[in-house]
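Dear colleague,

Please find below the structure that I promised to pass on, together with its sequence.

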Amino acid sequence: QFLQDKSPAIAVLPFVNMSGDSEQEYFADGITEDIITELSRFNSLFVIGRNSSFLYKGQYPKSQDVGRELGVAYIVDGSVRKSGNRVRITAQLVEASTGNHLWGERYDRNLENIFDVQDEVSAKVANMVPGHVEIANRVESERKPVKNLNAYDLVLRSEWLGYQDLGDPDCLRYLEQAIEIDPGYARAHARLANVYAYSV
């Protein structure tokens, strides 16, 4: 069972040095470590530590194997290729159980200051990942079959009202009733969180 039952678990695998220069390993490892550190700042994620992630350095494991062995739902991996004074860094977010790509980006930078590049790219990757994980979790929760049709009906009623006025008190009331009927109904909890956020 993946740890995302409590909070989405994610592993950042060592970025691959594609430069053909072993001296550039420190840069690839630095990017990886910085992304782990940045993602750890998000309370909504459970990030696997460096010691566990770096066990896969130099390997090309299947995402399903990593998901099972580390107990994660999502994987971030990528590569670094340096040529002269230019560097290309690629990063991607993968769903561990399926291997599906959820997000990917490429960053081409000049290396006037290698640490500035490292900081910038790791921060950008870390800022993109949580939103895509949240979207993937929402899609997955909505795929799960509804256990109680009454709860489903109440959520639909709340959503219909919400499209007109999210401040309508019945939006909240219907969702609370749905959760009372089916406490594990993820869609109802997600909608309730939206209503609370709107009220704030």
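This is a predicted model: local features need pLDDT of at least 70, side-chain atom pairs count only at pLDDT 80 or more; totals for chains, interfaces and linings use all residues.

Helix 5 has 16 residues, which at 1.5 Å a residue should span 22 Å, and its end C-alpha atoms lie 23 Å apart, in agreement with that expectation; the expected span is 1.5 Å times one less than the number of residues, and helices (H or I, at least four residues) and strands (E, at least two) are DSSP runs numbered from the N terminus. Residues are numbered from 1 along each chain as its sequence is written, and side-chain values use heavy atoms, with hydrogens and water left out.

In helix 5 the buried residues are Ala 151, Leu 154, Val 155, Ser 158, Glu 159, Leu 161 and Gly 162, where buried means under 20% relative accessible area, exposed over 50%, and partly exposed in between (1.4 Å probe, protein chains only). Seen down the axis, these buried residues fall within an arc of 165°, so they line one face of helix 5; the arc is that of the directions from the helix axis to the C-beta atoms. On the other side of helix 5, Leu 149, Asn 150, Trp 160, Tyr 163 and Gln 164 are exposed. The cover over the buried residues of helix 5 includes helix 6 (169-181) and helix 7, as judged by contacts, meaning heavy atoms within 4.5 Å.

Helix 7 (residues 186-199) can be described in a similar way: its 14 residues should span 20 Å at 1.5 Å a residue, and its end C-alpha atoms are 20 Å apart, which agrees. In helix 7, Arg 187, Ala 188, Arg 191, Leu 192 and Val 195 are buried. They cover an arc of only 135° around the axis, which puts them on the same side of helix 7.

Helix 1, with 15 residues, reaches 21 Å from its first C-alpha to its last, close to the 21 Å expected at 1.5 Å a residue. Its buried residues are Phe 27, Ala 28, Asp 29, Gly 30, Ile 31, Thr 32, Ile 35, Ile 36 and Leu 39. In the loop between strand 2 (16-17) and helix 1 (25-39) lies Gln 24, which is buried with a relative accessible area of 9%. Leaving aside residues up to four places away in sequence, Gln 24 touches Asn 17, Ser 19 and Lys 82.

Turning to charged side chains, the whole structure contains 13 salt bridges, each being a side-chain nitrogen of Lys or Arg within 4 Å of a carboxyl oxygen of Asp or Glu. In helix 5, Asp 153 and Arg 157 meet in one of these, at 2.8 Å from N to O, and, being four residues apart in that helix (residues 149-164), the two are separated by about one helical turn. Both are partly exposed, Asp 153 at 33% relative accessible area and Arg 157 at 43%. Elsewhere, salt bridges that share partners join Glu 25, Asp 29 and Lys 57 into one network.

A salt bridge also joins Asp 65 to Arg 68, with the closest N and O atoms 3.0 Å apart; these residues are three apart in helix 3 (residues 63-70), and are therefore separated by about one helical turn. Asp 65 is partly exposed at 26%, while Arg 68 counts as exposed at 58% relative accessibility.

Between Arg 88 and Asp 108 there is a further salt bridge, in which the closest N and O atoms are 2.7 Å apart. This pair links distant parts of the chain, with Arg 88 in strand 5 (residues 86-95) and Asp 108 in strand 6 (residues 101-110), 20 residues apart. Arg 88 is partly exposed at 36% relative accessibility, as is Asp 108 at 27%.

As for the chain as a whole, there are seven helices and six strands, and buried residues make up 41% of its 200 residues. Among contacts between residues at least 6 apart in sequence, 59% join residues at least 24 apart.
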